[in-house]
Amino acid sequence: MKLNKHVSLAILAAGMMTFACGGGGNETQKSGESTTTAPVEQKQAPGEKNKDNPDFVKGLALVKENDCPSCHMVERKIVGPSYAEVAEKYEYNDENIEMLASHVIAGNVGVWGEIPMPAHPNLSKEDAEQMVKYVLLLK
Ligand code: HEC
């Protein structure tokens with residue numbers, strides 16, 4: 001009358017065999033941080049900080065009324081240099097404003113390349129200077 005219940009624990013085997021494989025792929029998928037933490041360089045549009053300046057506003061209006069946009073854009077060189085480039089090259093001062101206005105009125109060539117800017121003989125000096133002020137405020 002022996003209660004010979006040898007509970008043979010043969011349950012061990014199975015569970016632990018799933019070790020061996022599964023490796024192999026080294027694709028350590030770190031959740032993609034490609035460190036594109038670009039320094040937040042304040043990318044402001046040219047002239048952003050001057051856009052409420054009355055000289056900017058008036059000059060821009062005049063530029064739009066004239067043929068300037070057919071050869072100039074603010075940030076892209078088309079026929080003529082971009083206004084932003086012009087603003088970068090010249091300091092905003094009376095001398096430069098006068099000189100550039102005279103180039104706009106009389107036409108000019110050779111500062112930016114081979115393509116001439118045609119003369120604008122019908123522009124008043126005042127209007128030309130106003131437009132140049134706008135251009136030079138694009139910085
Ligand atoms: C037919 C094309 C054309 C038109 C229209 C035109 N430009 Fe230009 N502009 C040019 C070119 C080309 C240059 C570069 C000339 C050079 O290299 O000296 C230039 C140069 C300039 C410069 C820089 C001048 C310098 O000496 O650095 C200013 C400022 C300027 N333009 C303003 C204006 C304004 C304001 C108007 C509208 C009244 C205007 N442009 C209309 C083609 C044009």
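Me: Is E129 buried or exposed?
Reply: This is a predicted model, in which local features need pLDDT of at least 70, side-chain atom pairs count only at pLDDT 80 or more, and totals for chains, interfaces and linings use all residues. Residues are numbered from 1 along each chain as its sequence is written, and side-chain values use heavy atoms, with hydrogens and water left out. Buried means under 20% relative accessible area and exposed over 50%, with partly exposed in between (1.4 Å probe, protein chains only). E129 has 18% relative accessibility, so E129 counts as buried.

Me: With which residues is E129 in contact, leaving aside its neighbours within four places in sequence?
Reply: E129 belongs to helix α5 (residues 125-136), helices being DSSP runs of H or I with at least four residues, numbered from the N terminus. Contact means heavy atoms within 4.5 Å. With those neighbours set aside, the partners of E129 are I97, E98 and A101.

Me: Which helix gives the largest share of the shell around the ligand?
Reply: The ligand is surrounded by 24 residues, each with a heavy atom within 4 Å of it. Among the closest are C68 and H72. The largest share, 3 residues, comes from helix α4.

Me: How far is an oxygen atom of the ligand from an N or O atom in the side chain of H103?
Reply: A polar contact here is a pair of N or O atoms within 3.5 Å. A ligand oxygen atom lies 3.0 Å from a backbone N or O atom of V111. For the side chain of H103, the distance is 2.6 Å.

Definitions and conventions. A polar contact is a pair of N or O atoms within 3.5 Å; within protein, one must be able to donate a hydrogen and the other to accept it, and residues adjacent in sequence count only if both atoms are side-chain atoms. Helices (H or I, at least four residues) and strands (E, at least two) are DSSP runs, numbered from the N terminus.
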